[in-house]
Amino acid sequence: MSDTQFQLEHSPPGVPDGEIGEEEVSERTASLWADAWRQLRSKPIFWVSISIITVFTVMAIAPQIFVAPSPATHDPFDCSLRDAEGEFQDRLPPSSEHWFGTDVQGCDYYVRVIYGARVSMVVGVAVTAIGALIGLVLGGIAGFWGGWTDNVISRITDVFFAFPFIVGAILLLSVIQGEGGRTLGDVVLVIGLFSWPTISRIFRGSVIQARGQEYVEAARALGASNRRILVRHVLPNAIAPAIVYATITLGVIISVEATLSFLGVGLQLPAISWGLMINTAQTRIAQSPHLLFFPGAALFLIIFAFILLGDAVRDALDPRTR
Amino acid sequence: MQSTTRGWLRWFAIFAVLALVLVACGDGGAEEETTTTTEAAAGETTTTTAAAEEETTTTTEAPAAGGGQFSTAISEPPFIDPNLVQDSEGFEVARLMFDGLTLYDPAGGAVVPGVAESWESNDDKTVWTFNLRDDSFFTNGDPVTAEAFVYGISRTADPDTGSRVSYHVGPGYADVLGFEEVNGGEGTGVSGDELLEGLKAVDDYTLEVTLARSNALLPKIVAHPAFSPIPQAVFEADPAGWNEMPIGNGPYKMQGPWEHDVAIFLDRNEDYYGAAGVADVIEFRIYADLATEYRDVQAGNLDVGRIPTEELANAPAEFGDRYLLISSGSFGYIGLPNTVAPYDNVKLRQALSLAIDREAITERILIGTSPATGFVPPVATGAVMDACPYCTYDPDLAVQLYEESGGVPNDELVMRFNAGSGHEDWVEAVTTGWSQVLGVTATFEPLEWAAYLDFLFEVGPDGPYRLGWQWDYPSAYNFLAPLYESTSGDNYSGYVNADFDALMEQAITSLSEEEALPFLAEAQAIIGEEIPVIPMTFGTERRVWTENVSNVQLNNFGFGLWENVVVNG
Amino acid sequence: MVRYTIRRILLIIPTFIGASALIFFAGFALPGDPVSAFGGERALPEATRNALIERYRLDQPVFDQYLGYMGDVLTGDFGESVLRRRSINDIFAETFPNTLRLAALAVVFELVIGLLAGIVAALRKGKFLDSLVLVSTIIAISIPVFVLGFSLQYIVGVQWQILPVAGLQEGFRSLILPAFVLGTLSLAYVARLTRTSLAETLREDYVRTAQAKGLRHSRVIGRHALRNALIPVITFIGIDLGALMGGAIVTETIFNINGVGFNLFRAIGTRDNAIVVGFTLIAVMIYLTMSLIVDLLYAALDPRIRYE
């Protein structure tokens, strides 16, 4: 619940007030993004986070590249408690043969950690996409049309807000479990279902703010259609806070997946996930600290990179924090 | 603006103070609690101390014979009411508070007199007479009479009690006459109002038990807490409060109501008829997690504790002579649906069993358990050593038998088990072994508890699954009849063998346990060849303890003999 | 203000109904049923099973069960656990004080460390201390709670042995470590929120005016800037406390604290429906009440909200 909360610091970037006519809007928007990009480019933090994310993305797509130089097996499921001579192969410390050591089953830990990136990245990206999609659609509708629509959507959002996230996720995941095993898709779907309310609320707020601007009023007076106003004027100005939030969320979602797996309600063995590895490693920290260290460090790095990136993007998009 | 900000600052201050007060209050509450419990203890016995820190100093003055207080650990049991106690945690507590007709002998698989000084039966073992001693009292002062046993045992069988252990009184176990009428009946809505026909209080201290079927093992069976005497008046005065603080007749009694998820404090029962407990106060501290429990022993905050699997390898070295390992009466196995193809093929079952490296698994993962070499743990009377010829690791023979059996469809199989109970690691090792030795694709699927039960009872297994068996009383019969007799409700593998069934019938109707032994041995030979389930492990129990206590012992059930633990000065 | 208050309270009703229905039906959609979960690896005798099913109204249609249950809830009765045969109210009453103490201490950590770090960062904006606060808060946010909890438990409790490993036996001392772990994430948010908010306020005209008038620096910050800057921070902490009081599953589980979250998690594992539904419902009620209080305070102090 609260110890894996979604609450994040977010201050919607204010769109500077000013006397701007319709014809100036797209130009103004463009310059906002151009400004942001210029700002981002100059920041080493941005490049650091982007590099880490790139490395993990490649790792998720083509783990073979990373495991190729390893002298041990390249198959994460090729494990054995004993080798041909009958010597035990489990929980070996890191060595030149097994770079990250071996795990409880005698699997090469380096290969396992590399293959673990896929779950985290897929969950992070897919959940954020689902959450952003639901959140943007609902928040946009509520904010733009207002009135009864807004009321109904806001009440639904309230329900999900009031619902303790972890409990909701655990309950739903147990339901799915009944149908025979939890898949990656199930986990993504359930976390996604609970990750949209904040984005919806933020987007609703900034749409309302953008809608109230003089240039939108002007466009309406000039007879622009709802769709044109929404697409041309409101969206480009309102989306920035949602993007900032989504980037940071990506990191948080990865942490949530690991937490659910750690609690035994997320992915299940034989899936390869850092959360599961830490679950297995947690009580073995004294004898085999490498079992906790490598997946823990990987998990920390990727979450760190996304949150760092979100921070940099926020700074770039929100002039007030400069 | 000014007033606004001032208002906020005030709210902020109130908020902060409130938070601090909450913390402080709560803390005070905790202190109060500890004080009351220790005060209560001091009221009972002079040696108990007023505060935890002073404990060590005062206990040095305690007589060498005993005294003092120590803590041991359990997980939160659902019940400590002996008629309902269903797990080892509740059993540990109930065993100290209630003495039944007979008691388990800590040394072996026998029973010794409890409240019943002696017992005899008619020739066909259907009518048993228990002669009760007249000096056993409930801790409220009421005498323990035959009526209390009639009431207590009937209450276990009453469906309104909703007891999970009522089967102890029924067929396959004690099988007291009239069980079906009460347990299978409609119920009245009131627990304990229907008495079993087969139970009769001849006089205050003579109990006559009539069985529906001959049973030579009855004295062993009735040592279970399900057969405890219950003071009817106490229970009926407050049925809802009974499980919070039951009144018994054992060597220890409750100090105060059960503090759920915190602790259960037991005081020595000074009026106990038997050998008095050594320590004045036993604290059963309640843990949810073995790792935390173990760390508390390491840190010296808990006197006796269990060991999580992951620490099993290190514990003997770390604790030296403050480490105890015993074999217990539990049996872990991989079940197979004997009536479902291809598992109805004996050769396939043999092949799967031969492809498991039990020694590697027990040495590296289930550290401390012994690899099963038969179907009955050696500590049970009547166990045959090496009763399972296919429980060795023999990859070549496994492959040969697998080929001969025709194998599993598509060479794919999935093993299922209940998730989150520490089975993941060894199941993974087993399936990896099957994959590598037999060249199949063996995977596994952990199911949540409820889903797993559904899978076992409703859906019915279609492949290998995990189960375990913990004995109800120390006899091989209890490992054989329930699991493989065709009529047993616990025979999930669906194994049917008329010869085996006949041997079970002969065993239970034997006139003594000794006479039953040949039948039990023959039965083990049959299943050893047919391998209805794949034996995996024989259980062990371990404890570690701090220098604060000594003489820590465990019985064959794996329960601590807490009444014997000495608190060191 | 009265109209706003009434409107705000009325808004809670549909939220509560929606959330309770969601919890109840999700609770009942779980596979198996609590009575067979109680039976365990040996199936219960039919008569015992029926007696229990009748006793817990499990033979009624789910919707009737929901209505019956909500009727009981309105009279303050949250039901009884099938597995433990105990009243949910009793179990909650036992566990809530522990959760409350833990949450309160976590908030104290958030307030003391979070605020201080945020203020320092805002005043030294762009300097070393600011960067230090920014980086360390990002690091704090990036470590999953269970990794942090377990590592600290091992290092502080087992290796150094300066604080209890788990449980609540040592009163206040037992709470320090779990409260710190529980508060870390929010602490980082509080620090960042304070930093942003205070830095922004420091640029406001009235603060600059005050400085221009020659008021002492500390006075400007203390009397003028900080007061306004703290509004969003206090809002955050208020809502956070509401969420924390609903229990902290991970922290309470790791540190073996008999609180609301700990019991909730165990109940989900054992499929103890009544506890899951009852506890979640109470947690939701607490959260809604806290948000209501925060919103009303906010509205009382910032008139613009009321007329939104």
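1. In chain B, an open sheet is formed by 4 strands in the order β4-β5-β7-β6, with antiparallel pairing; strands here are DSSP runs of E of at least two residues and helices are runs of H or I of at least four, numbered from the N terminus, and two strands pair if DSSP finds at least two bridges between them. The edges are β4 (116–121) and β6 (199–203) of chain B, each of which pairs on one side only. On average, and with direction ignored, neighbouring strands of this sheet are turned by 20 degrees against each other, where axes are lines fitted to C-alpha atoms (for helices over the stretch in contact) and angles run from 0 to 180 degrees between N-to-C directions.

2. This is a predicted model, in which local features need pLDDT of at least 70 and side-chain atom pairs count only at pLDDT 80 or more, while totals for chains, interfaces and linings use all residues. Residues are numbered from 1 along each chain as its sequence is written, and chains are lettered from A and ligands numbered from 1 in the order in which they are written.

3. Within the sheet, β6(B) is joined by 4 bridges to the antiparallel strand β7 (residues 206–210) of chain B, and the two form a hairpin with 2 residues between them. Ala201(B) has Leu207(B) as its bridge partner in β7(B), and Lys200(B) stands opposite Glu208(B). Helix α4 (residues 146–157) of chain B packs on the sheet, where it touches β5 (127–132), β6 and β7 of chain B, and its direction makes about 175 degrees with that of β6(B); contact means that the C-beta atoms of two residues, placed from the backbone, lie within 7 Å.

4. Strand β9 (residues 263–268) of chain B is mostly covered, with 6 of its 6 residues buried; a residue is called buried if 20 or more other C-beta atoms lie within 10 Å of its own, exposed if 12 or fewer do, and partly exposed in between, with C-beta atoms placed from the backbone. Ala263(B), Phe265(B) and Asp267(B) point one way from the strand, while Ile264(B), Leu266(B) and Arg268(B) point the other way. β9(B) is joined by 3 bridges to the antiparallel strand β8 (residues 252–254) of chain B, with Lys253(B) and Asp267(B) as bridge partners. With strand β10 (residues 281–286) of chain B, β9(B) pairs in the antiparallel sense over 5 bridges, and here Phe265(B) has Glu283(B) as its bridge partner.

5. For chain B as a whole, there are 18 helices and 19 strands, and 55% of its 569 residues count as buried. Among its contacts between residues at least 6 apart in sequence, 68% join residues at least 24 apart.

6. In chain A, helix α10 (residues 274–281) is mostly covered, with 8 of its 8 residues buried, and what covers them includes α4 (109–145), α9 and α11 (289–317) of chain A together with α7 (145–159) of chain C. Ala258(A), placed in helix α9 (residues 226–262) of chain A, counts as buried because 32 other C-beta atoms lie within 10 Å. Leaving aside neighbours within four places in sequence, Ala258(A) is in contact with Trp274(A), Gly275(A), Ile278(A), Leu299(A) and Pro144(C).

7. Some backbone details may deserve a look. A cis peptide bond, with omega about 0 degrees, joins Ala341(B) and Pro342(B), and Pro342(B) lies in the loop between β12 (323–335) and α11 (346–354) of chain B. Asn551(B) has a positive phi, near 60 degrees, although not a glycine, and counts as exposed because it has 12 C-beta neighbours inside 10 Å. Arg85(C), also not a glycine, has a positive phi of about 55 degrees and is found in the loop between α4 (62–74) and α5 (88–123) of chain C; with 17 C-beta neighbours inside 10 Å, Arg85(C) counts as partly exposed.
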